[in-house]
Amino acid sequence: MTDRGKMTCPDCLREFTFPAERGGHTATCPGCRSPLRLPVVAAHAKKLQTQKLLEKAAEEEETFRSRFEESAPEVFQPAAFSLFCGVIALLVFGALMMSQAHRLNLWLAGIAFLAGMAGLLLALFALITLRMNSQVYKGKWFAIAGLLVSTLFGILLPWAPARASWQTLKDREKESVYREHIGEIALGHFKFSEKHGHLPDDLLDPDGKPLLSWRVAILPFVGETELYNSFKLDEPWDSEANARLVALMPGVFFSASSLNGKGDATFQHLIGENSLYGNPDLPPTLETLDKGDGRSNTLLLVEADLSVAVPWTRPADLVVDPEAPLSGLRFSGLAAFADGTVVRLPNKLTDGDLTAYMTVSGGEKIGQPDENSN
């Protein structure tokens with residue numbers, strides 16, 4: 001129904017109605033025919049004002065959209081940046097694969113991950129925006145490429161080399177501890193020799209029967225005097241009094257291959273023909289080495305495999321099989337020479353190499369093993 005206004009003629013006092021859209025215009029009184037100006041109908045005026053405002057807003061929006069479309073970039077910026085981050089992740093991943101420095105590898109993996117995550121988030125944002133504003137923004141394939149490259153080279157692929165480098169660093173940290181252990185044991189040998197005139201050997205009873213290991217004998221020289229005093233030195237290692245001390249193996253005797261919680265030791269002497277501890281009737285001395293192959297060319301201690309580990313108090317060491325000298329050694333294990341040098345035996349150590357290092361006066365011309373040859 002059309003809105004209508006009301007008016008009373010001031011001349012004839014006649015009241016009449018008129019269409020609301022005629023408000024503000026000149027009209028004639030239907031009674032006395034006097035000229036009149038019709039009043040503006042408030043409700044209609046408000047509706048007209050609102051309509052004009054809406055039309056103006058629509059016109060401004062259309063003008064803005066047309067201007068934006070004319071100046072809009074060919075590629076939506078977040079899509080382009082996502083691909084840029086993916087390329088950064090790709091380059092860093094390439095450097096990671098070529099690097100041999102494990103600590104640097106962790107940094108490179110972290111940078112690749114951050115670049116990959118940034119590229120992934122930007123790509124997702126761009127794809128969502130592009131889908132919602134497909135008539136305004138462009139760059140869908142840039143966003144997809146950025147998503148794939150960032151995810152692949154920034155998040156997925158760096159994981160394996162980073163984990164390998166982390167494990168290597170952890171192993172090296174542990175090895176440094178075990179190097180300190182075997183070095184401290186070797187130093188204990190030298191301190192023992194200074195006091196007793198010979199290197200430590202198994203403790204024997206009056207009849208020459210072994211009772212306790214040389215590891216017990218050097219306890220006072222590796223800071224374990226109190227534990228040494230707890231032993232019954234005139235009783236065998238497995239006597240009631242001494243057997244309970246097996247579980248108290250000092251940390252200095254722990255190695256990478258002996259962490260089984262049973263008190264088993266793998267740092268052992270080599271027992272074989274012409275070895276430093278090969279003659280049970282003659283206590284070994286450093287002077288003997290000085291007259292033979294020399295301290296730097298003769299093994300004092302080796303890290304045996306767990307399969308031949310022995311309770312640390314038991315008087316037993318690694319007996320070298322002439323047919324298979326390397327049998328019983330830990331693969332790439334630690335070793336200490338009689339001059340105190342600690343090395344990691346190389347993977348390609350031969351039977352002949354071990355025999356040369358083991359013998360006191362073999363006369364072999366061989367230098368200490370190169371650990372980098374592994």
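A residue is called buried under 20% relative accessible area, exposed over 50%, and partly exposed in between (1.4 Å probe, protein chains only). The model is predicted, so local features need pLDDT of at least 70 and side-chain atom pairs count only at pLDDT 80 or more, while totals for chains, interfaces and linings use all residues. Numbering runs from 1 along each chain as its sequence is written, and side-chain values use heavy atoms, with hydrogens and water left out.

Rings of Phe, Tyr and Trp (its six-membered ring) pair if their centres lie within 6.5 Å; planes under 30 degrees apart count as stacked, over 60 as edge-to-face and the rest as tilted.

| Pair | Centre distance | Plane angle | Type |
|---|---|---|---|
| F93 and F153 | 5.8 Å | 55 degrees | tilted |
| F192 and F221 | 5.5 Å | 70 degrees | edge-to-face |

F93 in helix α2 (residues 77-98) and F153 in helix α4 (residues 140-156) are 60 residues apart, so their pair links distant parts of the chain; helices here are DSSP runs (H or I, at least four residues), numbered from the N terminus. F93 is buried at 12% relative accessible area, and F153 is buried at 19%.

Elsewhere, ring pairs join F231, F253 and W312 into a cluster.

Conventions. Helix = DSSP H or I, 4+ residues; strand = E, 2+ residues; numbered from the N terminus.
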